[in-house]
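User: Please take a close look at one part of this model, the packing of a pair of helices. Then place that part in its wider setting.

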Amino acid sequence: MRNEHGEAADAPTVVDLRSDTVTRPTEAMYARMRSAPLGDDGLDADPTACALEETAAVMLGKAAGLFVPSCTMGNLLAILAQVQRSEQVLLEAQAHMLQTERGAATLTGAFLYGIAGTDGAMDLDRLEDALRPSASPLRTAMIALETSHNAAGGTVLPPDHMAAVAGIARARGIKVHLDGARLFNAATHLGVAPADLAAHVDTVSLCLSKGLSAPVGAVLAGDGPVIAAARRLRKMIGGTQRQVGIVAAAGLEAITVMGARLAEDHDRARQLSDGLNAMPPLAATAPQTNIVQVDVSRTGWDSARWVADLDAAGIRSRPLGARRLRLVTHRHIAPADVDRAVAAFRACLDAA
């Protein structure tokens, strides 16, 4: 028997704030998965995967889409399809593609170079400097953006910043890619459609398995020739799947239904931040979306100690270095769960 979160009803009660990747499929997703029309995606295509690709492309304002196992693969394919070996990709210095996915460079032969920024937005003057002919012997073939920005605590790029980067790039014939793993969160915060943000870029990746709650997968969208090249490259790196419509069906539910509820996650994050900031010496960021970073440096404990003690109290978190914690709200986190998490932090402080 399962509860409303799709979990075993007798599972221990844990408030899991490690990531929105822990979300489980909805009952509607399970129903679509059971009835999905299937084919062979490596032969004559899978009809449900095709429907997901077409629907996602429309929602992102692009001509075509490609279903891939992960957003990491989507970002990798965006580089492989648009950047030649020994060319350069510029990103904000704390971008997920640079800090966590940079192993992709071993497959692309491209060089990833970080541009310092604030709240996930690269400094435009530094970007211009990096593009001067004297700055590097390498040709810059791509500039990559990220919104919402993971390492910056779920901050959202201002649309005018995205437009400015796009203008700088297009004046030089440079492609722009958007790591939009949490693009729907960014669009929710701004009150715009995802396509409004994707309009600034040539290609965009969208993760389905974070706040949108699908069990797996992502979509890469762009113009027809680029996505055709990415489809060929996906096969080369082992990303072709067979009756993939079983999971693509959950992705369809994710993009057409689940985006509408993301504001709830943002509300829970603000509730969590407010509760923690009422307890000095804790210092929590004021979230724009669903990620809260907590500075524990003034508590006398490092982040590893906090993670262990919170875990003992049934609250799961993740360390960000030695002095910060990362907490992420999602659809399995109710207001009562936030209250429980705040109470656990208070109990830990009282026990210090």
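Analyst: Helix 13 (residues 303-312) packs against helix 14 (residues 335-351) at an angle of about 115°, and their axes are 10 Å apart. Helices (H or I, at least four residues) and strands (E, at least two) are DSSP runs numbered from the N terminus; axes are lines fitted to C-alpha atoms over the stretch in contact, with angles from 0 to 180 degrees between N-to-C directions. The model is predicted: local features need pLDDT of at least 70 and side-chain atom pairs pLDDT 80 or more, while totals for chains, interfaces and linings use all residues. Residues are numbered from 1 along each chain as its sequence is written, and side-chain values use heavy atoms, without hydrogens and water.

The crossing of helix 13 and helix 14 is right-handed (near helix turned clockwise from the far one by less than a right angle). On the helix 13 side, W306, D309 and L310 make the contact (heavy atoms within 4.5 Å), and they meet A344, F345, C348 and L349 of helix 14. By class, this contact holds six nonpolar residues, one charged residue and no polar ones. Here Ala, Val, Leu, Ile, Met, Phe, Trp, Tyr, Cys and Pro are nonpolar, Asp, Glu, Lys and Arg charged, and the others, including Gly, polar.

The chain is divided into domain 1 (15-21 + 261-351) and domain 2 (36-258), with bounds from an automatic or database assignment. Between the C-alpha centres of domain 1 and domain 2 the distance is 29 Å. Their contact takes 14 residues from domain 1 and 20 residues from domain 2.

Both domains also contribute to the largest pocket, each giving at least three residues to its lining. Its volume is about 550 Å³ (space filled by probe spheres set on grid points joined across faces, edges and corners). A pocket is an open set of points on a 1 Å grid over the protein atoms alone where a 1.4 Å probe fits, with protein on both sides within 12 Å along at least five of seven lines; lining residues have an atom within 4 Å of a point. Of the 30 lining residues, H96, T100, N150, R182 and R326 are closest to the pocket centre. Helix 3 (71-82), helix 4 (96-99), strand 14 (318-320) and strand 15 (324-328) are the elements that give two or more residues to this lining. The lining divides into eight nonpolar, 14 polar and eight charged residues.

Some backbone details remain. The peptide bond from P280 to P281 is cis, with omega near 20°, and P281 sits in the loop between helix 12 (262-277) and strand 11 (283-284). Another cis peptide bond joins T147 and S148, with omega about -10°.
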